[in-house]
Amino acid sequence: MSDDNKDLGDELNDMIGDAKDSAKKAGEKISQKTNEFKEDAKEFANEAKEKASEFAGEAKEVLNDGKNVAIIAHITIIGWIIALVMNGSNKTELGSYYIRQVLGIMLLAIVLSVIPVINFFAWILPFAMWIMSLVGSLSGEKKPVFLLGEQFQDWFKGL
């Protein structure tokens, strides 16, 4: 029996040695994979920084574009005031154009609403002008509204 015990002991020592070698190899593989993941993570982080920087540049370009101011100017009187303030800090030709245009349309609507006989039908003209102006601002082109568009630009050129 002692030979059997000795053989079992030797087998056990061999198994323990094999397990140690396997554990050592597994640890090395894990270390290698960890380093690979670490490099991949650094590369991904650098790419993310580059993309964020590009996005920030594009966002600044969009915010500096007068098209946003032109569109905001069409959203009620409060939108017009916001557009006026936005355009005051960073004047753009397109933004100023539509601020003047919308101011003229709003004043025309107020004047026509005072006339008692035609005030119900008179709202159609400023509304049609507003729609045409909004479509122009959405396209980013300076399109004057019919009838008084050029006059609005002359009358309110101080804005």
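Predicted model: local features only at pLDDT ≥ 70, side-chain atom pairs only at ≥ 80, totals over all residues.
Which residues in H4 meet which residues in H6?

**First stop: helices H4 and H6**

Select residues 93–114 for helix H4 and residues 124–139 for helix H6. Two packed helices are described by the angle between their axes and the distance between the axes. Here the angle is about 170°, and the axes lie 9 Å apart. H4 is therefore roughly antiparallel to H6, since an angle over 145 degrees counts as such.

Now display the side chains at the contact. From H4, the residues are Tyr 98, Gln 101, Val 102, Ile 105, Leu 108, Ala 109 and Leu 112. They meet Leu 125, Pro 126, Met 129, Trp 130, Ser 133, Gly 136 and Ser 137 in H6. By class, this contact of H4 with H6 comprises 10 nonpolar residues, four polar residues and no charged ones.

**Second stop: Ser 133**

Remain on helix H6 and select Ser 133. Is Ser 133 buried or exposed? Its relative accessibility is 0%, so Ser 133 counts as buried; the cut-off for that class is under 20%. Leaving aside residues up to four places away in sequence, Ser 133 touches His 74, Tyr 98, Gln 101, Val 102, Ile 105 and Val 145. Among these, Tyr 98, Gln 101, Val 102 and Ile 105 belong to the H4 side of the helix contact.

Next, select Ile 105, Met 106, Ala 109, Pro 126 and Trp 130, which lie nearest the centre of the largest pocket among its 13 lining residues. The space in this pocket amounts to about 170 Å³. Which helices each supply at least two residues of the lining? They are helix H3 (76–89), H4 and H6, and H4 gives the most, with four residues. The lining has 11 nonpolar and two polar residues, and no charged residues.

Most residues other than glycine have a negative phi.

Begin with Thr 76, which is found in helix H3. Thr 76 is not a glycine, yet its phi is positive, at about 50°. Its relative accessibility is 55%, so Thr 76 counts as exposed.

Then move to Leu 147, in the loop between H6 and helix H7 (149–155). Leu 147 also has a positive phi, near 70°. With a relative accessibility of 65%, Leu 147 counts as exposed, the cut-off for exposed being over 50%.

Technical notes
Residues numbered from 1 in each chain as written. Heavy atoms only, no water. Axes fitted to C-alpha atoms, helices over the stretch in contact; angles between N-to-C directions. Parallel < 35°, antiparallel > 145°, perpendicular 65-115°, else oblique. Contact = heavy atoms within 4.5 Å. Nonpolar A, V, L, I, M, F, W, Y, C, P; charged D, E, K, R; others polar. Buried < 20%, exposed > 50% of the residue type's maximum accessible area, 1.4 Å probe, protein only. 1 Å grid on protein atoms, 1.4 Å probe; cavity = no way out; pocket = protein on both sides within 12 Å on 5 of 7 lines; lining within 4 Å. Points joined across faces, edges and corners; volume = space filled by probe spheres on them.
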